[in-house]
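Subject: Structure handover

Hello,

Here is the structure you asked to look at. My notes on what turned up in it follow below.

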Amino acid sequence: MEFKKFGLYNILSFTLLSALTIFFIFPFYWIATGAFKLQDVAIALPPQWFPTSPTLDNFRQLLVPLTARWFFNSVFVSLATTVLVCATASLAGYALAKKHFPGVKLLFAIFIGAMALPKQVILIPLLRLITEMQLMDTYRALILPAVGWPFGIFLMKQFSHSVPDSLLESADIDGCGEIKKFVNIVLPIVKPGIGALAIFTFISSWNDYFSQLVFTNSEAMKTLPLGLASMAQQAEFSLNYGLLMAGALVASLPMIIVFLMFQSFFAQGITVGAVKG
Amino acid sequence: MLNRLKRKYDLSGYLFIAPSMIFFVTFVLYPMLKGMHMSLFRFRGRRQLFVGLENYVKLLSDNVFLRSMGNTMFIVAIAVPIVVVLSLFIAINIYNKSAAVRSFFRGVFYLPAVSSVVSITVVWLWIYNPDFGILNYVLKSMHVVNGNVQWLGNSATAIYAIIIVLITTSIGQPIILYIAALGNVPVELIESAKIDGASNWVIFKNIIWPLIIPTTLYIVVTTTINSFQIFALIQLMTAGGPNYATSTVMYLVYETGIKIQDYGKASAMGVVLAAIIAVISTLQFKYLNRDID
């Protein structure tokens, strides 16, 4: 009786979980196979579930200077954002967690409050600011506003709590300077936090479609996802699906690889950021 | 005097926080305040005229805005419960499996969130394509539909088609959070309940659920905030159409501010959206604190 009930639940949950897994995997399967299909194969009915005559033609079409430039832009912007976010946030997070100075609580409250705010709400004034500072269509427009976003500070504050006070105090007694203390004591302890933050920032910067759309206007400054989107929109009535899938593969594969390689780091970052108060 | 101050307070904190502050004040705080300010003006080319709350009053009778607000609420109301239930179901079924199995499923359900939203969108555009999309092909061969359904071109189905894609991109993070929360439920509690003969459902209801309420609330609020901000899916899949059936507030802010360049009205919309989200997150933090204390 007990066993039977258990079995039924198991069968049901197994079936549902499998169905969901297939549902989630399928779009990626379709991207991966579609990338090797020419247009007439891509739109053939009944669909070719597996390309019988795979072609590299779509990738050859992507191998032009403009797409290479888009790829470079994505890599450069994401890397620069990641480095700047990690550097500034680890300093600020340490100060918020371990230092007592007037206004520290208020500052943290402001950061948290701004984090809850939707990024897009500041879109119009930010766009005007970027225009006035003559940063429109530059790398700086894609990098600097992302560095201002306080999520990293919050995450690094959570990680900085794990630095033992006794260690910092004994460094003080030894006459250790502030910078030395930060580099030699704090940084080694919060390293996993910086790792999680780096992966987070890299992926979200790569995928920050909204900023890329609004703060660029020349073809040369486009990022890879943005270039892909404009390919899809320009050819609205004659979408070359094989080519688009090849583009989608190149635009998302680096992120998928980064995520799969550092998955446990990533999960740790999400839970520390969300669960510890 | 300064020495005494230094002993009590560590003023070097300001130096550590300064680099972040410079970026934060310039690119977040200032634009935030500026946005509220701009919402009180009417813009005519380079000139701006103070109009008080006129932009806000106009929104109340703006059918496109009201429709977009309704769509946004509808998306939130459908997507958030599904994300919570589905992610809890998936987490419960995988949290006590081996580490390898767990990270396999974590990967599967996080894929749509890490791969570029543009990549996700272009493949769904193909799946939904009325003439040679997989969806119509499968449904036709199963005799569920007869003709070529315009999933995105039809105001009755477009919003659901978008909600499905939104759910797939939103579910990864809640699953990771639930796996962590379930891992923190004391095993002894569950074991002793089992010895007492409690059914799985009773164990879930009386032991597990109360312990994961804070996580659930966090998931509800973050998913709500993210769903309120849905933009790329709308812009790339339907551009708000057909006939504003999928227009959301965020998409309308973009249309009004960037395309029509009606900065005052767009800023007012942004402030309204921010206010709604602020109220929701305040409520959340209240509940959260109550449950933790």
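I start with one lysine. The side chains of Lys181(A) and Asp172(A) are joined by a polar contact of 2.8 Å. Please keep in mind that this is a predicted model, and that the values here are computed from it.

Lys181(A) belongs to helix α10 of chain A, which covers residues 178-206. Its relative accessibility is 3%, so Lys181(A) counts as buried, the cut-off being under 20%. Leaving out residues up to four places away in sequence, Lys181(A) touches Tyr94(A), Lys99(A), Leu168(A), Ala171(A), Asp172(A), Cys176(A) and Val186(A).

Two other charged side chains sit over rings. The charged end of Lys157(A) is placed over the ring of Phe108(A), at 4.1 Å from the ring centre.

Next, the aromatic pairs. Over all chains, the count is 40 aromatic pairs. In one of them, Phe24(A) and Phe109(B), the ring centres are 4.8 Å apart and the planes stand at 70°; planes over 60 degrees apart count as edge-to-face, so this pair is edge-to-face. The pair runs between chains, with Phe24(A) in helix α1 (residues 2-34) of chain A and Phe109(B) in helix α5 (residues 99-114) of chain B. Both Phe24(A) and Phe109(B) are buried.

Phe26(A) and Tyr29(A) make another pair, with centres 6.4 Å apart and planes at 40°, so the pair is tilted. These two residues are both in helix α1 of chain A, 3 residues apart, or about one turn of the helix. Phe26(A) counts as partly exposed at 21% relative accessibility, and Tyr29(A) counts as partly exposed at 33%.

Phe24(A) and Phe109(B) also belong to one aromatic cluster with Phe23(A), Phe104(B), Phe105(B), Trp124(B) and Tyr128(B).

Last, the nonpolar core. The largest one holds 179 residues, and those with the most contacts inside it are Tyr209(A), Met245(A), Phe266(A), Ile90(B), Phe109(B) and Met237(B). The element that gives the most to this core is helix α4 (residues 63-94) of chain B, with 13 residues. Apart from neighbours within four places in sequence, Met245(A) is in contact with Trp30(A), Ile31(A), Gly34(A) and Ala35(A) in chain A, and with Val122(B), Val123(B) and Trp126(B) in chain B.

Regards

Conventions
Residues numbered from 1 in each chain as written. Chains lettered and ligands numbered in written order. Predicted model: local features only at pLDDT ≥ 70, side-chain atom pairs only at ≥ 80, totals over all residues. Heavy atoms only, no water. Phe/Tyr/Trp six-rings, centres within 6.5 Å; stacked < 30°, edge-to-face > 60°. Helix = DSSP H or I, 4+ residues; strand = E, 2+ residues; numbered from the N terminus. Buried < 20%, exposed > 50% of the residue type's maximum accessible area, 1.4 Å probe, protein only. Lys NZ or Arg CZ within 6 Å of the ring centre and 35° of its normal. Core = buried A, V, L, I, M, F, W, Y, C linked by side-chain atoms within 4.5 Å. Contact = heavy atoms within 4.5 Å. Polar contact = N/O pair within 3.5 Å; in protein donor to acceptor, adjacent residues only side chain to side chain.
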